[in-house]
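Subject: Structure for your review

Dear colleague,

Please find below the structure that I am handing over to you.

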Amino acid sequence: MHSARMSGRRLVLVVALALAVLGGAALATWAVRAGPFAPESHCWGAWAEDSGPRVLGADYARVAEESGSPHRGEQAVCVMAYGVPGTEEMQHPDTSVTGDRAREGTGGDRLVARVGPPPRSTGGPRRAWLAEALHGNTVPLPEGLPGVVSTDRGTLVLPEECDSGDVPLVVTVRSEGQVPELDSEREVTDLLLSLAETAREKAGCDGDRPTRLSAPVPTVPDGRPRSGGGPACRIAGMRFAPPAHGELAWYASAVGTRLQSCSLELSGDGDERDGGSEGNPGAGDDGQQGPGGKVAARGQFVVTSHPRLVRLFAGMAGERSPGDGWRGTGRIERRDGLVTAECRGRPTVFFLHLDGPLASSAEPDVRHLFARSADSVTERLGCPAVGPRS
């Protein structure tokens with residue numbers, strides 16, 4: 001009887017010790033993953049300390065401010081300021097959405113993460129958004145991902161299951177401050193994919209697709225703007241009269257079989273009588289500098305057949321013919337045009353926008369410049385011409 005009581009006590013002791021060990025392990029796991037010893041993370045948990053990119057490493061202090069949470073059809077913004085610990089910038093970091101102090105050089109360097117649909121307006125706000133999201137100083141993401149990347153920005157359109165109705169959910173990362181570029185396109189891509197993974201989890205549309213790349217990330221061949229005589233954007237049909245003031249330059253790194261994008265900048269005083277920079281961010285009123293001084297006007301030319309990128313232009317043009325001699329549907333106006341036509345078996349968007357001073361210098365006019373530029377691209381891709389031959 002005594003032996004039985006001792007065995008029972010030993011069993012209770014063993015069980016108690018086991019529970020203590022298991023409980024301690026669970027407590028340790030909690031402390032490391034979510035408790036006081038958990039890695040620092042920012043922007044809805046997307047960017048964890050020491051997770052790869054140098055900007056998340058021990059060399060920098062970081063502080064972030066979130067506005068909203070990623071959900072389908074809704075906008076969310078997170079601003080993460082970073083810098084050397086103890087510096088004046090990190091004592092008073094600028095985590096505001098506007099970033100006024102950061103642009104003045106007093107708020108530190110920043111990463112701005114945005115999750116949400118494109119602007120519902122199909123006019124100036126959508127064009128301004130596209131100018132940032134598909135900037136010409138980028139390269140297409142590898143492995144067919146619908147987006148672009150450079151050392152100062154990245155854009156990725158999330159899969160269709162994340163759409164709200166027919167409106168896609170998009171994640172973007174933008175670097176701002178005195179040192180606006182990160183170490184590499186790979187670093188920006190890692191930040192972008194981590195943000196995309198978190199956005200999909202928060203929006204309830206996380207699937208089985210991997211959020212890491214096995215292929216190398218391409219690099220922007222030359223981040224400097226091009227200028228000089230001859231056609232702009234390395235497109236034979238895109239010609240402008242020499243500007244009376246300032247200098248015309250362009251970025252045209254994003255060139256592939258499913259995406260080609262070019263961003264134009266006219267530096268100098270421009271011609272404000274012709275409408276200036278009609279809603280494009282940084283065009284003429286924010287002090288940004290182009291190769292010849294303050295940016296007075298901007299333009300953008302995009303051709304894409306990637307289905308997810310095509311969705312970014314939804315609603316910007318009707319289903320009517322653009323006019324005699326044109327193939328496809330769309331519209332062409334005084335400063336811009338958008339046509340959708342089949343190319344290599346895929347619906348392909350051809351888009352052009354020019355601020356007033358650039359539209360005034362298009363040779364011989366915007367309609368002909370658009371047709372010639374689109375046809376130059378279709379010739380490169382081996383497709384029938386989109387615009388009328390002239």
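**Disulfides**

The torsion about the S-S bond of C343 and C383 is about 75°, so this disulfide is right-handed. Please keep in mind throughout that the model is predicted. The sulfur atoms of C343 and C383 are placed 1.9 Å from each other. This pair links distant parts of the chain: C343 belongs to strand 16 (residues 336-343), C383 belongs to the segment after helix 8, and the two are 40 residues apart. C343 has a relative accessible area of 4% and is therefore buried, the limit being under 20%. C383, with a relative accessible area of 11%, is buried as well.

How many disulfides does the model hold? The count comes to four. If the bonded cysteines of the protein are numbered in sequence order, the pairing reads 1-2, 3-4, 5-6, 7-8.

Another of these links joins C162 to C205, with an S to S distance of 2.0 Å. The link of C162 and C205 is right-handed, with 100° about the S-S bond. Distant parts of the chain are connected by this pair, for C162 sits in the loop between strand 8 (153-157) and strand 9 (170-176), while C205 sits in the loop between helix 5 (185-203) and strand 10, 43 residues apart. C162 is buried, with a relative accessible area of 0%, and C205 is buried, with a relative accessible area of 4%.

A further disulfide is formed by C233 and C262, where the S to S distance is 1.9 Å. Is the link of C233 and C262 left-handed or right-handed? With -75° about the S-S bond, the link of C233 and C262 is left-handed. This pair, too, links distant parts of the chain: C233 is in the loop between strand 10 and strand 11, C262 is in strand 12 (residues 259-267), and 29 residues separate them. Both C233 and C262 are buried.

**Backbone features**

As background, most residues other than glycine have a negative phi, and most peptide bonds are trans.

Which bond is cis, with omega near -10°? The peptide bond from E363 to P364 is cis, with omega near -10°. P364 is located in the loop between helix 7 (356-360) and helix 8 (366-381).

W44 is not a glycine, yet its phi is positive, at about 60°. W44 is part of the loop between strand 1 (41-42) and strand 2 (47-48). Because its relative accessibility is 10%, W44 counts as buried.

R234 likewise has a positive phi, near 60°, and is a residue other than glycine. The position of R234 is in the loop between strand 10 (226-227) and strand 11 (247-255). Is R234 buried or exposed? R234 counts as exposed, because its relative accessibility is 56% and the limit for this class is over 50%.

**Aromatic pairs**

A pair of aromatic rings is described by the distance of the centres and the angle of the planes. A search of the whole structure finds three aromatic pairs. In one of them, the rings of Y60 and Y82 have centres 5.4 Å apart and planes at 90°, so the pair is edge-to-face. Y60 lies in the loop between strand 2 and strand 3 (61-67), and Y82 lies in strand 4 (residues 76-83), so this pair ties together parts that are 22 residues apart in sequence. Y82 counts as buried, at 4% relative accessibility.

Another pair consists of F313 and F351, which is tilted, with 5.4 Å centre to centre and 55° between the planes. The pair links distant parts of the chain: F313 is in the loop between helix 6 (307-310) and strand 15 (329-332), F351 is in strand 17 (residues 346-354), and the two are 38 residues apart. F313 is buried, with a relative accessible area of 4%, and F351 is buried, with a relative accessible area of 1%.

Yours sincerely

Note on methods: Residues are numbered from 1 along each chain as its sequence is written. This is a predicted model: local features need pLDDT of at least 70, side-chain atom pairs count only at pLDDT 80 or more; totals for chains, interfaces and linings use all residues. Side-chain values use heavy atoms; hydrogens and water are left out. Helices (H or I, at least four residues) and strands (E, at least two) are DSSP runs, numbered from the N terminus. Buried means under 20% relative accessible area, exposed over 50%, partly exposed in between (1.4 Å probe, protein chains only). A disulfide is a pair of cysteine sulfur atoms within 2.5 Å. Rings of Phe, Tyr and Trp (its six-membered ring) pair if their centres lie within 6.5 Å; planes under 30 degrees apart count as stacked, over 60 as edge-to-face and the rest as tilted.
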